[in-house]
Amino acid sequence: MTIKVLVADDQDLVRAGFCMIIDARDDLEVVGEAGDGDEAVREAARLRPDVVLMDVRMPGTDGIAATRRITASTDPPKVVILTTFDLDEPLYAALRAGASGFLLKDVRPPELADAVRVVSRGEALLAPTVTRRLLDRFVAVQPAEPVRPASLARLTDREVEVLTLVARAASNSEIAGYLSLAEATVKTHVSSVLRKLGARDRVHAVVMAYDLGLVHPRPSL
């Protein structure tokens, strides 16, 4: 099955480069391009892509606002945020807006193609070099005793442990090592956590874990 991709970036040269990378793969296809956020929203509704590669900073409607509008639609595509900077405060807002992950623009072509495949499967993708720094610096400080929804009470103690480690950017294999579990068991726990919390993907679960006070941001340096 071919994965349909919409590329949104206000720089023609950058957009063309991403399109070449995507179209060079047999299982990926660029179905449209957009030069600003408003156009990205229109083209996403018209073309119904599987994945949108979204630049953060664009004139007019930026990538965050566009992501929020796209993900609020019925059966929305997955959105991957692309940014030049590894500490870009709007990125966290973009994750809250519904993005399934983010990458730096200097990503290698094979990694970009793999990212499209990963998010199209409903998984989340965060650039490993910036994940911990982004979450630690830009998640809003939580109250000492946050109000926890009933959905959290449905999690088992083990699932709370797994969610906490997910929020600390641990991979499934790392979680398996920490908790002395098989990786397949960890995957089952993660799936159960997503289902019980109503989280759309791993990134959304991380956001919820911070909001629930399971983990807290480190102070800014």
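Residues are numbered from 1 along each chain as its sequence is written. Because this is a predicted model, local features need pLDDT of at least 70 and side-chain atom pairs count only at pLDDT 80 or more, while totals for chains use all residues; side-chain values use heavy atoms, with hydrogens and water left out.

Let's start with the whole chain. Its secondary structure comes to 11 helices and six strands; helices (H or I, at least four residues) and strands (E, at least two) are DSSP runs, numbered from the N terminus. Of the 221 residues, 50% are buried, where buried means under 20% relative accessible area, exposed over 50%, and partly exposed in between (1.4 Å probe, protein chains only).

Now for helix α2, residues 37-47. Its buried residues are G37, A40, V41, E43, A44 and L47. What do they pack against? The table shows the partners.

| Partner of α2 | Residues |
|---|---|
| β1 | 3-8 |
| β2 | 28-34 |
| β3 | 51-55 |
| α3 | 63-71 |

At the start of α2, a side-chain oxygen of D36 comes to within 3.2 Å of the backbone nitrogen of D38. After α2 comes R48, with a positive phi near 55°.

Is E183 buried or partly exposed? E183 is partly exposed, as its relative accessible area is 38%. N172 is 11 residues away along the chain, and the C-alpha atoms of E183 and N172 are 6.2 Å apart. Leaving aside neighbours within four places in sequence, E183 is in contact with N172, S173 and A176, contact meaning heavy atoms within 4.5 Å.

Key. Polar contact = N/O pair within 3.5 Å; in protein donor to acceptor, adjacent residues only side chain to side chain.
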